[in-house]
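Please look over the sequence and the structure before reading on.

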Amino acid sequence: MHSPNRPKHAREDGRLAELDLLRFIAALAVVAFHYLVAYASVWGDRPAELFPVLAPIAGLGILGVELFFIISGFVILMTVWGRGLGGFARSRLVRLYPAYWLSLGAVAALYGLTGAKALDPKLSPGEYLLNATMFQRLFKITDASGVYWSLWAELRFYLLMAILVIIGVTYGRVLAFAGIWLAAALAVKLLGHAGILDNPVLDEIVMPDYAPYFVAGMSLYLVRKHGSTWLPWLYVAVAYGMSIDSALARVHRRIDAAGFKNMPVTDTSVIITVTVIFAVMALAALGILRLKPSKTLTALGGTTYPLYLFHGVVAVALIPALTGDLPPWAVAVTTTLTAILLSYLVYSFAERPIQRLLKPRRPTQTPSAPAVQVEKASVP
């Protein structure tokens, strides 16, 4: 089913370079939040006091993950369109696990072979092995790295998408799936706020705090692929309102735990940030924000996932060693650049070669069956 209003820019040829850039920006935002606000045990001091001017902005980097989720909803729907369950499952395994295993090994080595204490998850060998499955939260086992929490949300999203793939991905079925999921998330959220419903299992399945981001991304992909119609935009509008509530709640939990002085982020700045995230993604869906693919943007997109996974390890290894010899700003800059460089090396010389080995070989094209080029973008 294709909308007659499908825009000419909604082509499916070439790489989504704008999403590569947005993903890298999201990863840098998370790095800024951790390095300049959150990692008190790493610095041995409150980062917000070391960087008082930057902290109110860097604190908003906590919402970089929310941008990741919207991009994931967009790109995963693009990925599953016209693909079977086996192909979808294999593509996700190949995309998620190689860099994840490398980062898990780095975490285990950091705490097992050095005297590092900051952010130590204090896991047994068996618990590290369970972390290797990425399903540790299902068994109430601590994440080996603090950033792994978002991968559990991604995995649950993939499992829900697998149901859609089994049913068959069409425009109408995606709208029904997204609408039912969004309605269920809204109902669980409202009933939870009212104190009527408190079901952890239902929360795990429906994900009321994160479903709006994934549904918004899926809806925006429908806009890009089929053109602007009212129902996908209605989903985006509802998801936007729910996302503001979820983002404020997440920031408030952080403020309650650390104090406003150590997490100096206002409600107004959170609302503005979520609004900008949705606006930028809407511009990308409409084709207004469109960048020409380049090797640089491709490299930035490829570096994003390792940067998200490895920046904590780099911080624990470098910041305590450099603190005292360099001013805080120099320590932060050096650590950030080192994390980016390491992540690029992981992407180029470890992750990509492993992915090439694990990916199935494509059948040889014949002159009578030319290859069809499709849109691509790397996602976490």
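Predicted model: local features only at pLDDT ≥ 70, side-chain atom pairs only at ≥ 80, totals over all residues.

**Helix H13 and its partners**

Helix H13 covers residues 267-286. An α-helix has 3.6 residues a turn, so residues three or four places apart point the same way.

**Two helix pairs**

Two packed helices are described by the angle between their axes and the distance between the axes. The table gives both values for two pairs.

| Pair | Residues | Axes come within | Crossing angle |
|---|---|---|---|
| H5 and H13 | 64-80 and 267-286 | 10 Å | roughly 25° |
| H6 and H14 | 85-113 and 295-322 | 9 Å | roughly 5° |

Take H5 and H13. Their axes cross at roughly 25°. That makes H5 roughly parallel to H13, because angles under 35 degrees count as such. The crossing of H5 past H13 is right-handed. On the H5 side, Leu67, Ile70, Ile71 and Phe74 make the contact. On the H13 side, the contact is made by Ile277, Phe278, Met281 and Ala285. Sorted by class, this contact of H5 with H13 has eight nonpolar residues, no polar ones and no charged ones.

Now take H6 and H14. Their axes cross at roughly 5°. That makes H6 roughly parallel to H14. H6 brings Arg95, Leu96, Ala99, Tyr100, Leu102, Ser103, Ala106, Val107, Leu110 and Tyr111. H14 meets them with Tyr305, Leu309, Phe310, Val313, Val316 and Ala317. By class, the contact of H6 with H14 has 14 nonpolar residues, one polar and one charged.

Is H1 mostly covered or mostly uncovered? H1 is mostly covered, with 17 of its 22 residues buried. From its first C-alpha to its last, H1 reaches 30 Å. That is close to the 32 Å expected at 1.5 Å a residue.

Alanine 58 sits in helix H4 (residues 55-58). Alanine 58 has a relative accessible area of 5%, so it is buried. Setting aside residues up to four places away in sequence, alanine 58 touches Ala29, Ala32, Phe33, Leu36 and Val37. Alanine 58 and valine 37 are 21 residues apart in sequence. In space, their C-alpha atoms are 6.8 Å apart.

**Two buried serines**

Serine 243 belongs to helix H12. Why does serine 243 count as buried? Its relative accessibility is 0%. Beyond its neighbours within four places in sequence, serine 243 is in contact with Pro212, Tyr213, Val274 and Phe278.

Serine 219 belongs to helix H11. Serine 219 counts as buried because its relative accessibility is 1%. Leaving out neighbours within four places in sequence, its contacts are Pro232, Tyr235 and Val236.

Leucine 104 lies in helix H6. Leucine 104 has 7% relative accessibility, so it counts as buried. Which residues does leucine 104 touch, not counting residues up to four places away in sequence? They are Tyr128, Asn131, Ala132, Ala144 and Tyr148. Valine 251 is 147 residues from leucine 104 in sequence, and their C-alpha atoms are 27 Å apart.

Phenylalanine 157 is placed in helix H8 (residues 149-167). Its relative accessibility is 0%, so phenylalanine 157 counts as buried. Not counting residues up to four places away in sequence, phenylalanine 157 touches Ser72, Gly73, Ile76, Trp181, Met207, Phe214 and Met218. Alanine 108 is 49 residues away along the chain, and the C-alpha atoms of this pair are separated by 27 Å.

Terms used:
Residues numbered from 1 in each chain as written. Heavy atoms only, no water. Axes fitted to C-alpha atoms, helices over the stretch in contact; angles between N-to-C directions. Helix = DSSP H or I, 4+ residues; strand = E, 2+ residues; numbered from the N terminus. Parallel < 35°, antiparallel > 145°, perpendicular 65-115°, else oblique. Left-handed = near helix turned anticlockwise from the far one by under 90°. Contact = heavy atoms within 4.5 Å. Nonpolar A, V, L, I, M, F, W, Y, C, P; charged D, E, K, R; others polar. Buried < 20%, exposed > 50% of the residue type's maximum accessible area, 1.4 Å probe, protein only. Expected span 1.5 Å × (residues − 1).
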